[in-house]
Amino acid sequence: MKTTIDLPDPIFRRAKATAAHRGISLKAFITSAVENNLERPKMTISELLDSLPRVDKETLETIRQRVEESDRDDLAFQNQAARQQP
């Protein structure tokens, strides 16, 4: 189907340049951009959180401990590096 769209000049130039860089037509680029926006309905925060995998408490505690250890190691390294600077 043919249609006419009015794009701001800067967006048109970017779209045309991006399409050329990718080796596709402007029509293919715009079609892809529209399809991508149609395929990805926006999720609410609740929907996003519900879609995340669940982690048991034991695994969460292990992750928390490892992050804490890593933070301690990073801080020690930064302190050591600061003491070595003239």
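On a 1 Å grid over the protein atoms alone, a pocket is an open set of points where a 1.4 Å probe fits, with protein on both sides within 12 Å along at least five of seven lines. The largest pocket in this predicted model holds about 290 Å³ of space, a volume being the space filled by probe spheres set on the points. Its lining (residues with an atom within 4 Å of a point) consists of Met1, Lys2, Thr3, Thr4, Ile5, Lys27, Ile30, Thr31 and Val34. By class, four of these residues are nonpolar, three polar and two charged.

The chain contains four helices and zero strands, where helices are DSSP runs of H or I with at least four residues and strands are E runs of at least two, numbered from the N terminus. The radius of gyration, taken over C-alpha atoms, is 25 Å, well over the 12 Å that the globule rule (2.2 Å times the number of residues to the power 0.38) gives for 86 residues, so the chain is more spread out than a compact globule.

Helix α4 covers residues 57–84 and reaches 41 Å from its first C-alpha to its last.

Confidence is expressed as pLDDT, from 0 to 100, and averages 90 over the chain. Helix α3 (residues 45–51) has the lowest mean, 87, and helix α1 (residues 9–22) the highest, 94.

Local features need pLDDT of at least 70, and side-chain atom pairs count only at 80 or more, whereas totals for chains, interfaces and linings use all residues. Residues are numbered from 1 along each chain as its sequence is written, and side-chain values use heavy atoms, with hydrogens and water left out.

Note on methods. Expected span 1.5 Å × (residues − 1). pLDDT = per-residue confidence, 0-100. Nonpolar A, V, L, I, M, F, W, Y, C, P; charged D, E, K, R; others polar.
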